[in-house]
Amino acid sequence: MIDTSTDIRRVVVVVPVHNEEDLLRGCLDALDVSRNHVGPLDVRTIVVLDACSDASESIAVRWASSSEGRSVVTVDRQNVGAARAAGFLATVAVPGTWFATTDADSVTRPDWLSSQIAHARRGAAAVAGTVRVDLDSAPAGIAAAYRSGYRNQPGHRHVHGANLGIHADAYWSVGGFASLTTGEDVDLVRKLEKAGAPIVYACDSPVSTSNRMHGRAPDGFAGHLRSLGTVVPG
């Protein structure tokens, strides 16, 4: 059983980025707002640029230079699991640290971090949140299949890298994110469950994520949306 302190003193947010020049600024602006809703806690945000060949680097570097508590890490892996792991490896171990991660094509709510911290202070070692995706322009079959299969309620059991938080002690105890090109988030949560960590499947602060059908991670969320085109809702 993983034993984690409920005394959260510091938050580290990691955002993996691979060629996200069109959406990155919106992601970072939203995280800045969320950061301002956690009171006196020390919040550090780390952008991990992974093999970017577009303007993502210039956007991230300009953003990081404009305020304290922001930094940029560069890797060349084209691997979202390795990118997330690199971000957390770049932090200094401090007692009472909470790790949070989202995606560069996603927009968090103002209460995103404060919601996770509230769950942590009630004993959660990890918080798996929900996502919202605008499917109004998607083919009707895909939209219907997605809505019929998605449980937007407490205890939902969905796992999204776009909306995930983990106590640092729990994260390190199971080895952190594996170097997986897809499913690194599910793999981490499975390891935490196997270790007996208390996980909250929350829906109180959903993250808005891209509705694109061709994403950066093979067989990731975009791949899931594409696969729904072959599903007939029951």
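# Chat about a predicted model

Author: Among contacts in the protein between residues at least 6 apart in sequence, 80% join residues at least 24 apart. Keep in mind that this is a predicted model.

Reader: ok, and what secondary structure does the protein have?

Author: The protein has eight helices and ten strands.

Reader: How much of the protein is buried?

Author: Of its 234 residues, 53% count as buried.

Reader: Strands next. How do S2 and S3 pair?

Author: Strand S2, residues 42-50, and strand S3, residues 70-75, run in the parallel sense and share six bridges. Within that pairing, Ile46 stands opposite Ser71 in S3.

Reader: What does the chain cross through from S2 to S3?

Author: The chain passes through helix H2, residues 56-64, and this β-α-β crossover is right-handed.

Reader: How do S7 and S10 pair?

Author: In the parallel sense, over two bridges, with S10 covering residues 207-209. Arg132 stands opposite Ser208 in S10.

Reader: Where does Thr108 lie?

Author: Thr108 is in the loop between strand S5 (106-107) and helix H4 (112-121).

Reader: Is Thr108 buried or exposed?

Author: Buried, because its relative accessibility is 7% and the cut-off for buried is under 20%.

Reader: What does Thr108 touch?

Author: Leaving out residues up to four places away in sequence, Thr108 touches Ala30, Leu31, Ser34, Thr102 and Val207. Val207 belongs to strand S10, residues 207-209.

Reader: Moving along to Ile117. Where does that residue lie?

Author: Ile117 lies in helix H4. Its relative accessible area is 4%, so Ile117 is buried.

Reader: Which residues does Ile117 touch?

Author: Ile8, Val11, Val38 and Leu41, again not counting residues up to four places away in sequence.

Reader: And how far apart are Ile117 and Asp7?

Author: They are 110 residues apart in sequence, and their C-alpha atoms are 9.6 Å apart in space.

Reader: Switching to rings. How many aromatic pairs does the structure hold?

Author: Eight aromatic pairs. One of them is Phe99 with Tyr171, with ring centres 5.3 Å apart and planes at 80°, so this pair is edge-to-face.

Reader: Why is 80° edge-to-face?

Author: Because the planes of Phe99 and Tyr171 are at 80°, and planes over 60 degrees apart count as edge-to-face.

Reader: Which parts does that pair tie together?

Author: Phe99 is in strand S4, residues 97-101, and Tyr171 is in helix H6, residues 168-173, so the pair ties together parts 72 residues apart in sequence.

Reader: Is Phe99 buried or exposed? And Tyr171, buried or exposed?

Author: Phe99 counts as buried, at 1% relative accessibility. Tyr171 counts as buried at 1% relative accessibility.

Reader: Which residues do ring pairs link into a cluster?

Author: Phe88, Phe99, Tyr171, Trp172 and Phe177.

Reader: What lies over the face of Phe177?

Author: Arg84 does, at 5.9 Å from the ring centre.

Methods: Residues numbered from 1 in each chain as written. Predicted model: local features only at pLDDT ≥ 70, side-chain atom pairs only at ≥ 80, totals over all residues. Heavy atoms only, no water. Helix = DSSP H or I, 4+ residues; strand = E, 2+ residues; numbered from the N terminus. Buried < 20%, exposed > 50% of the residue type's maximum accessible area, 1.4 Å probe, protein only. Contact = heavy atoms within 4.5 Å. Pairing = 2+ DSSP bridges. Right-handed = clockwise from strand over helix to strand, strands pointing away. Phe/Tyr/Trp six-rings, centres within 6.5 Å; stacked < 30°, edge-to-face > 60°. Lys NZ or Arg CZ within 6 Å of the ring centre and 35° of its normal.
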